[in-house]
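Welcome! Take a look at it first, and then read on.

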Amino acid sequence: MTLVLAIMLPLLSAFLIPFFHLARKTLSAGLISIMGLASISAALAAAYTGWYSPAVSLMGGWAPDIGIALVGDRLSSAFLLLTSIGSGAALACALEKFGGGPWRFYALFFLLLGSMNGILLTGDLFNLFVFYEIFSVAAYLLVAFSMSWQALEAGLKYLVLGTIGALFILLGTAFTFMATGVLNMALLAEALASIPRETLTAISACLVLGLTIKTGAFPVHFWLPDAHSSAQTAVSALLSGVLIKVSIYALMRVCYIFFLGTNGTVFLAITVTGSLSVLGGHLMALRQDDIKRLLAYSTVAQIGYILIGIGCASAAGAAAAVFHAFNHMLMKMGLFITAGNLSEEKGTREICGLTGLWKSHPVWVAVFAVLSAAIVGIPPLNGFMSKWFIILSSAGAGTVIPALVIAAGTVISAAYYLRILSAFISPGEGSSSGLPPSVPRKPRRRSISFAIVGSFALLCLVLGVMAFSPFFRECFSSIGQTAVDVEAYVGLVTGR
Amino acid sequence: MILLSYATAIIIFCIGLYTIMVRRNLFKTVLGLALMESAVLLIIVSSGYIPGGVPPIAPFSGQAVNPLPHAFTLTAIVIGASDIALALAFIVKLHRHYRTVDLDRIRGLRG
């Protein structure tokens, strides 16, 4: 029941917001926060249920082979927690910036929230596709929401590539259905073991290609930098922090359940894609002058780390990938919100224009420094710990090349984050020429955004230290164990 | 017969993908998306075919064709229609700004 509520409440909010707008003409921020709190607590309740007692709810009481099953286990719970924190933070930032005004924005936001929870909880391949498309359409519209020409172009580009990805997923689903006659993921895990090798290759190629396009890994990343840099700050943070993680979850779930025992080549392909993303993303980020674009390319590289973790095809690799996904959500959302606010204050997004900020906004720059140290991977912080676990598990899987790629990528990322920080700290020309930049525009108070960013930076430190504690490792290794334990998943859904 | 249908679908899918990759006109990109979508739907509908089957409408005698793929197709048609409508809306907005639908003359859509 809690699983259904996690999907129903956000969708209901999305449905009600236009009616409230029609009836009252204005939406109060309070109403939106109540809806947000209700949706997020429903998601957290589902996460709690899934963590302590893995749950299956069969829609309409139909058996898993005919109906749609919702499945909440530890992997889903971990990602539900991630999306709840991330979307809560993005909602708070958006409320602080826009108030209750743009009702379309909030309707899309809740639609996105509901479909994300749907992707994380569904146990049916076609249902996954349907939720994925609701999620994508809401995301295209949120990218284009400001209606500036960059935003429209980015939205269109995202739409074209996202739809190509979706059609490959649909083609893979169609092939799967033709080969086996079922769509329930647990039943498919059993059925796929006995189908011809060529069919399995076609299915895995279509599904993995489609999901890779949706995650924005390197060779097919074109939409990601545009979409993530053209959107508004809260949306950029949401896109980079949360939406990508939902795609990562879908890739992880589908690959582990379907191909772990049947087609090992898939994991090799994921590892290669991940390594390419790390190098390509970091090298492209090095060349950017626009701070949000740089952060978006850095996301491409960080996806690469997560993909390398998934490609290990082991419990340790999956655990490391989930840990890094969590850390990347904290770090990149914090960085996007900070960069967005600072560049709004200065009125430019060019890195060379963002000077003298250390004097005017010292706390924001300090937070940015902590978050970028975390994302580069300075030892006591969480970014280092998760990268270290990924390196260990990929070396354990038999090759050192991904580990070397990660090490090289770290050096490149240090170079470009230091470039931003040195621009922030340098005195800048504006203040010396007698035209202080803070005079024309009054610095706006952003206490909620700052509280969020500050707590994310603190969490980065805490998670980095906590990674040494046995309890914490136990938690994450049980997530990894759940991810790769296909038999337990099949047993959970079929009740055997 | 059914093989011909599958082959047609795959060829249409490839034509759609080729159109998107090669053509520089935004409308042709959308046409490519529509082609790819129709191809996938054709595959799904054909997969429900059973030789000698009758329409699966309640009082039927003998073996009915599989109705499940048709339900999928209807869902996928709705999704595809919303995707394409959204793409066309974006293109109309972009055309108002640039007065062209030529990708080479629209600035940001590269790299």
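Is helix α9 (residues 223-230) of chain A mostly covered or mostly uncovered? This is a predicted model, and in it α9 of chain A is mostly covered, with eight of its eight residues buried.

**A covered helix in chain A**
- The buried residues of α9(A) begin with Trp223(A), Leu224(A), Pro225(A) and Asp226(A), and they also include Ala227(A), His228(A), Ser229(A) and Ser230(A).
- Among the elements of chain A that cover these buried residues are α5 (125-143), α6 (149-180), α10 (233-259) and α12 (291-311).

- In chain A, helix α3 (residues 74-98) and helix α19 (residues 447-466) have axes that come within 8 Å and cross at roughly 160°.
- Because of that angle, α3(A) is roughly antiparallel to α19(A).
- The crossing in which α3(A) passes α19(A) is left-handed.
- From α3(A), Ala89(A), Ala92(A), Cys93(A) and Glu96(A) meet Ile448(A), Ser449(A) and Ile452(A) of α19(A).
- Sorted by class, this contact of α3(A) with α19(A) has five nonpolar, one polar and one charged residues.

**Where the chains touch**
- Chain B brings 25 residues to the contact, and chain A brings 24 residues.
- On the side of chain B that touches chain A, α2 (26-47) and α3 (68-98) of chain B each supply at least two residues.
- The largest share of that side, 13 residues, comes from α3(B).
- By class, the side of chain B that touches chain A has 16 nonpolar, six polar and three charged residues.

Notes: Residues are numbered from 1 along each chain as its sequence is written. Chains are lettered from A and ligands numbered from 1 in the order in which they are written. This is a predicted model: local features need pLDDT of at least 70, side-chain atom pairs count only at pLDDT 80 or more; totals for chains, interfaces and linings use all residues. A residue is buried if 20 or more other C-beta atoms lie within 10 Å of its own, exposed if 12 or fewer, and partly exposed in between; C-beta atoms are placed from the backbone. Helices (H or I, at least four residues) and strands (E, at least two) are DSSP runs, numbered from the N terminus. Two residues are in contact if their C-beta atoms, placed from the backbone, lie within 7 Å. Axes are lines fitted to C-alpha atoms, for helices over the stretch in contact, and angles run from 0 to 180 degrees between N-to-C directions. Angles under 35 degrees count as roughly parallel, over 145 as roughly antiparallel, 65 to 115 as roughly perpendicular and the rest as oblique. A crossing is left-handed if the near helix is turned anticlockwise from the far one by less than a right angle, and right-handed if clockwise. Ala, Val, Leu, Ile, Met, Phe, Trp, Tyr, Cys and Pro count as nonpolar, Asp, Glu, Lys and Arg as charged, and the others, Gly among them, as polar.
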